[in-house]
Amino acid sequence: MAFAAFATAEAQPQAPRKTSRIALLLLLPGILYLVLFFLTPLISLLLTSLQAPLEFGDIGQYQYAFNWQNYVDVMTAYWPHILRSFGYALAATVFALAFSYPLAYFIGVKARRWPLLQSLMLVLVIAPFFISFLLRTLAWKQILSDESFVITSLKALSLLGPDAHFTGTPFAVIFGLTYNFIPFMTLPLYTALERLDLRYLEAGSDLYAHPFTVFRKITIPLSMPGIVAGTLLTFIPAAGDYVNASRDFLGGPDTQMMGNVIEANFLVLLNYPAAAALSIILMAAILVLVGIYVKRSGTEDLL
Amino acid sequence: MAVREFAERGADLELVGIQKRFPGFTAIQDLDLKIPAGSFFALLGPSGCGKTTTLRLVAGLEEPTQGRILIGGKDVTATRSHERPVNTVFQSYALFPHMSIIENVAFGLKRRRIGDPLVKAHEALKLVELDHLAQRRPQQLSGGQQQRVALARAIVNRPALLLLDEPLGALDLKLRRQMQLELKTIQEEVGLTFLHVTHDQEEAMTMADTVAVMNKGAIEQMGAPEELYDLPKTAFVANFLGQSNLFAGEVAGATDTAITVDVGTARLIVPKARAHRHNGAVTVGVRPEKVSLHTERPVDSAERNVVGPGRVLDVSFSGVSTQYMVDVPGHGTILVFAQNTGSGPSVGVGDEVYTSWLVEHGFGLDDGAVEAQRFAPDDSTTSIAAQRRDDLVAELEEG
């Protein structure tokens, strides 16, 4: 869906009117794949989320039922995590946008005259992908741990209190999310800004618009497809992320997000229905939020 | 600060010693220009001659390397584009694709916080007969319609100076005439100063009060269209503004009123008043429509220059006139446009003919002897332009 933003914004070619049998035949493997690996697990997840504990059963034994009470239970138990997930994801998206927009503008607009610099900077944006994001996040944990050079120096300079931590705080989690998703924000913004026709900006300036007004009234609306694609590509995975907020990485006991709760319920507590119900809630909430967002930003074509 | 009111009247524009260098080349070298308020001024030249750069300098979209720009007597060289009382009709139209037509037209008014922007924008759209499309997006309009919107978006602001960058290029002939008329009317009504950049000599000549022919970053000649056409100063002007037959030679003699130029096989007389140089190596010329064809050698007289005999290479009929290409040994090709009035000799390809013209129709260039072609060999565009001009002349005479 959001990937349509990577394609050119030119008029969509008309769909052929006749659907031939060959087309259906060619679609068949894809459809089968989706049914097998997307639809079936989804239905299975939905059914699991409604399961009830097996009577006289062991821990982790459940039977199929219509136990919608599961949803109420997880909502009551985990509403702070749900809110925290979306709060962190929103903050990370805002920070990533604030960081990526100038970067993408520089690469896509200012660096146009130097194609070599442009490609070099793009490679640098993508370079982190060459190493697993788990390793990179662990590296950040090392860099920002209490005994690290950075933190001890800051403490020595009294910029941080003697008891202050960085890892395990909400700030660290949001930092990690922002860091990990910056390329996902930068690339769609770059594709949108790279196509920005500077003559529109000149026309705006010719029509008495202050440079700031030109940016607000012309540059931003024209790069909207990139902004929407980038924020979606950041917000959706960030809301479900369970690595950055995990205690093994940058998080602490007070920074658990929905992903961590689902993981704990599924792997530790063996409460499969609760984990499934949380997953369904996460999916539904993201779907609704994204729907509203896309509708409001007037870029329905992207979905 | 941006201008908050409409300009009362046009402002005069003055360029003083303007120079613009880009890395690797000089776009404009030492340009001085004064355009009086309320005039319709055309900068005419081939692509790459620096005319669009001049326009962008005036609009504030480029900064001059040297020199000053004054609008209405005020130095605006350091003023930024959005603070200049200038609007541009861009060659690419540059209509904002994310706004409707009416929003596009009202954009400048809103920026200047002028009252009733939408009412005024609708009025401007009515002027270009596009009010019924006000709610559409630019992409939904044809090229010609977009151009008219671009025009409306600029004139709605009533700028002291309106810059037009090839604004009528995409219009068909009928609409083009209509828009030319419209532009003239607006210009006369409001007294705006128009600076029109074009490579279309016919458009420049029909619309502008003053035409400046630009070549390689400098103005070759400036004046009223008739003046430029009648008495071109350089070979470039002689061939860019219409077509010319040019002859290079040495001045062989002079009287009080005329010079005689020896061009090899003939001696051509040019009035002194119409020649820029009176001695040494010179180039003289005559417009093709001033040349007449004869099947027999005309009687030599002090009033006529005669060149010939030559052979007709090509005859092309274009309605009101017929073009003859005559190959004269020692001269090359001479171009003759004859009005199809029914008089005059009827000649065909291969016939032997003489060409002649009245002495008072010749002109002498300032260039010296140039190895210039006698007329632009690029027949495809120049002859079309010439034909279009003839058509328009005929059209005007009928109307």
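The model is predicted: local features need pLDDT of at least 70, side-chain atom pairs count only at pLDDT 80 or more, and totals for chains, interfaces and linings use all residues. Residues are numbered from 1 along each chain as its sequence is written, and chains are lettered from A and ligands numbered from 1 in the order in which they are written.

In chain A, the axes of helix α2 (residues 69–108) and helix α6 (residues 170–194) cross at roughly 40° and come within 6 Å. Helices are DSSP runs of H or I with at least four residues, strands are runs of E with at least two, and both are numbered from the N terminus. Axes are lines fitted to C-alpha atoms, for helices over the stretch in contact, with angles from 0 to 180 degrees between N-to-C directions. α2(A) and α6(A) are therefore oblique to each other (under 35 degrees is roughly parallel, over 145 roughly antiparallel, 65 to 115 roughly perpendicular, the rest oblique).

For chain B, the domain assignment, automatic or from a database, gives domain 1 (13–226) and domain 2 (243–371). Their centres, taken over C-alpha atoms, are separated by 39 Å.

Chain B puts 16 residues into the contact and chain A 14 residues, where contact means C-beta atoms, placed from the backbone, within 7 Å. Two elements of chain B that each supply at least two residues to the side touching chain A are tabulated.

| Element of chain B | Residues |
|---|---|
| β6 | 86–89 |
| α2 | 101–111 |

α2(B) gives the most to that side, with three residues.

Key
Contact = placed C-beta atoms within 7 Å.
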